[in-house]
Structure formats: structure tokens, C-alpha cells
Amino acid sequence: MKIRDFKLEVFFNKYEFTAPYLLSQSDCESMSIKELLGYEKGADKQFLEGWLGYTEVPGHPELRKVISGLYTTMKQKNIIVHAGAQEPIFNFMNVLLDKGDHVISQFPIYQSLFEVANAIGCKVSRWNIEQSESGWRVDINKLEQLVQPNTKLIVLNSPNNPTGHTLKKEEIEAITEIAKRHDIYVFCDEVYKSLELDGVKRPWFADRYEKGVSLGVMSKAYGLAGLRIGWLATRDMDLIEELIKMKHYTSICSSGPAEFLSIVALRHGDKILDRNVKIIEDNLKNAESFFNRYPDLFEFNKPMAGPVAFIRMNITTQIEEFCDILVKEKGVLLLPANIYLFPGQYFRMGFGRKNFAECLAKFEEYLIEKKYV
Ligand SMILES: Cc1ncc(COP(=O)(O)O)c(C=O)c1O
């Protein structure tokens with residue numbers, strides 16, 4: 001398979017481990033293994049006694065059971081564990097899609113969610129998340145207008161990276177109705193689920209529709225990216241069987257220590273999520289007062305959910321050039337819109353890290369030094 005470069009990963013590979021002020025990260029604050037094991041009495045001993053052999057291909061039964069508990073209608077058999085969220089995106093697209101299929105993808109979106117389909121030879125149409133006076137929005141009518149006789153899949157990412165937009169319950173219902181009417185699969189990347197900032201929980205697509213597939217991961221809302229544990233949830237058991245066979249060609253099975261730590265994390269998931277939502281909320285207060293100081297320079301789209309926002313900057317310099325000079329001269333990393341193939345002067349900012357205030361202060365210092373403000 002020939003596939004185009006993953007722009008975001010190429011960009012991060014250049015700066016993520018060298019730039020001192022990461023102001024664009026899409027995951028929440030992580031923690032040490034020791035801190036995680038501290039959530040459960042006796043877990044440290046169990047972890048050290050853990051066996052390092054091969055594990056079950058669909059995932060540890062207890063892990064699948066704990067994951068299924070996040071949903072309302074999923075059982076253990078409906079869950080297949082993978083390496084992070086990237087492997088299941090790749091495997092799912094390869095299992096479901098054929099050359100010539102039509103796919104509708106939300107846009108902007110994490111690149112692999114449409115790029116793998118492109119590489120398979122599908123035609124991909126974009127369903128745009130649109131900028132409005134009050135932030136980002138979607139137009140459900142436009143989604144249905146994009147449907148073609150050979151549309152096999154609708155790809156969504158809600159809550160969305162990079163916009164911070166999240167579908168409302170009625171929009172989820174409306175999309176499900178469209179998909180049912182045209183017999184189309186819905187793949188929803190829900191890796192930021194449970195970070196809704198309005199406190200309103202939305203349904204998971206896997207619970208709403210027999211051809212709905214939900215993607216989850218430990219990396220983002222839980223802040224445990226190093227575990228490399230993600231999963232797919234679906235009622236479609238034929239699809240699960242195909243995904244198992246596909247996994248034989250990729251990771252085969254997941255890391256035993258990571259599965260154990262994921263079980264511990266998910267058993268105490270609510271506490272970890274509360275901690276992470278609190279970090280985001282505190283950082284957002286700081287960010288709002290920053291953006292209020294500079295209303296002419298920025299258009300702040302406050303996120304509806306998740307740890308990222310896509311913010312418009314009123315400057316004449318191209319945004320990618322601005323971000324490039326910013327990281328080289330000041331060590332502050334922001335993600336420009338061109339990385340998402342998105343036109344316009346936007347950058348992604350991340351609110352999930354504890355050192356956000358320090359990074360934001362460096363950014364402000366730079367704006368003052370360079371007389372942007
Ligand atoms: C929306 C979205 N989906 C999937 C992924 C991939 O996640 P992972 O690193 O756990 O494979 C990311 C990572 O940034 C993401 O933002």
C-alpha cells in the first residue's frame with residue numbers, strides 16, 4: 001500500500017521531544033506507573049507478578065469486560081482490543097473498504113481517518129465542521145446530500161480533534177437515521193469521549209446502531225498514551241471476526257503489562273476522568289482571560305468537549321510560518337491548520353497538561369517581544 005505522509009505525526013516527530021513548551025498536545029496529563037497502581041490496593045504486587053507471555057488476540061477477557069461497561073449495550077464479545085487508536089483505524093478501514101467505495105469523512109479530522117481510505121482507493125467526500133459566530137457547528141442536511149449509491153462508510157470524530165466540537169444527542173440520532181436509511185456503516189472516533197465540558201454525556205455510536213463502530217483508547221481522555229491500548233466496540237460480530245483475522249497481520253496481541261494497567265485505570269476511570277476534566281477547566285479559565293486580552297488578534301473557539309481548540313489568528317504571516325518561527329525561536333509548539341489540510345489561519349491549542357500556564361506565558365512573552373500585541 002502506498003500512503004501519503006501523516007502530516008501531524010511528521011510535524012510532531014520533529015518537535016515533540018525537543019520543544020520545551022508543548023502548547024498543542026491533544027492528550028491529557030499522564031502519570032507514572034506507580035501513581036496509577038496507587039489507585040488500587042494490591043495492584044502493585046499483581047503487576048510485578050504479571051506473566052510476560054503472549055496474550056489473547058481480541059484482548060484480555062477482563063479488559064474487554066471492563067471496556068464493555070463503558071457502553072450501555074456492549075458485552076465482552078463486542079470489544080476487540082488493539083495497539084492504541086491508530087491500529088484499529090488502519091485495520092477497520094482495510095477490513096471494511098474496497099477500492100471504488102465512497103466514504104464520507106468529517107473535516108477537519110485526524111488524518112488517518114480518511115487517508116487510509118484514500119490509500120485503499122476509495123473516493124472520500126468531506127463533511128465540513130463549519131465556523132459560525134458562536135463556534136464550530138455541523139449541518140446535518142449537508143451530510144445527507146453527500147450520500148451516493150456506493151457510500152459504504154461515514155467517518156466521524158466526536159469530540160473532534162482539532163476543533164473541540166462535539167455532536168449533540170439529536171445530531172447523533174439524525175446521523176444514525178441517515179446511515180440506517182442508506183445502509184451505511186458509521187465509524188466514530190470517540191477517543192475524547194467523557195471529556196464533555198457541558199457535563200452532558202452523549203450516546204456512543206456502537207450503542208445506537210447495529211452498523212455503528214466506536215473507537216476508544218487509553219491515550220487521550222485517560223492520559224495514558226504509553227500503554228498503547230485502544231479498542232473497537234460494535235454489535236456487528238462478523239466485523240469483529242474479520243478484525244481479529246486482520247490483527248493477526250498487525251500486532252497479533254496486546255502487551256500483557258499494558259492490558260493489566262488499563263484494567264486498573266478503567267476500574268478507576270471516573271476518578272481519572274474527573275482529574276483530567278478539572279485540569280482542562282482550570283486551563284480554559286486561564287486561556288479565556290488570555291484571549292480576552294487580545295480580541296483583535298484571536299478568535300477563540302472554546303471547546304465543547306476534549307482538550308483541544310482550533311483558534312483563528314488575525315495575522316498577515318502564513319500560520320505555518322508563524323508556528324515554525326515560534327517553535328524555533330521560543331520553543332513554544334503550536335499546530336498550524338495546514339497540518340490538517342485545512343485552509344485558514346488556525347492553530348490547535350491543547351489544554352490537558354499541567355504546565356499549560358507556563359507554556360501560555362511563554363507564548364504571550366513572544367507576542368509582546370515581536371510586537372503582535
Ligand atoms: C482523534 C484521534 N484519533 C486517534 C488518535 C491516535 O491515537 P493513539 O496515539 O492512541 O494511537 C489520535 C491521536 O492524536 C487522535 O487525536
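**View A. Leucine 37 lies in helix H2, which spans residues 33-37.** The model shown in this and the following views is predicted. Leucine 37 is buried, because its relative accessible area is 8%, under the 20% limit for that class. Leaving aside residues up to four places away in sequence, leucine 37 touches Ala43, Asp44, Phe47, Phe260 and Leu261. Alanine 258 is 221 residues from leucine 37 in sequence, but the C-alpha atoms of this pair are 12 Å apart in space.

**View B. Ala85, Asn161, Asp189, Ser219 and Lys220 come nearest to the ligand among the 14 residues around it.** Aspartate 189 places a polar side-chain atom 2.5 Å from a nitrogen atom of the ligand. For serine 219, a polar side-chain atom lies 2.6 Å from an oxygen atom of the ligand. In the side chain of tyrosine 192, an N or O atom is 2.9 Å from an oxygen atom of the ligand. On its own the ligand has 390 Å² of accessible area, and the protein covers 92% of this area.

**View C. Met1, Ile3 and Phe90 make a nonpolar surface patch.** The area of the patch is about 280 Å². Methionine 1 belongs to the segment before helix H1 (7-15). Methionine 1 counts as exposed because its relative accessibility is 54%, and the class begins over 50%.

Key: Residues numbered from 1 in each chain as written. Predicted model: local features only at pLDDT ≥ 70, side-chain atom pairs only at ≥ 80, totals over all residues. Heavy atoms only, no water. Patch = residues over 30% accessible without salt bridge, like charges linked within 9 Å, V, L, I, M, F, W, Y side chains within 5 Å. Areas by Shrake-Rupley, 256 points an atom, 1.4 Å probe, with all protein chains shown as cover. Salt bridge = Lys/Arg side-chain N within 4 Å of Asp/Glu carboxyl O. Helix = DSSP H or I, 4+ residues; strand = E, 2+ residues; numbered from the N terminus. Buried < 20%, exposed > 50% of the residue type's maximum accessible area, 1.4 Å probe, protein only. Contact = heavy atoms within 4.5 Å. Near = heavy atom within 4 Å. Polar contact = N/O pair within 3.5 Å; in protein donor to acceptor, adjacent residues only side chain to side chain.
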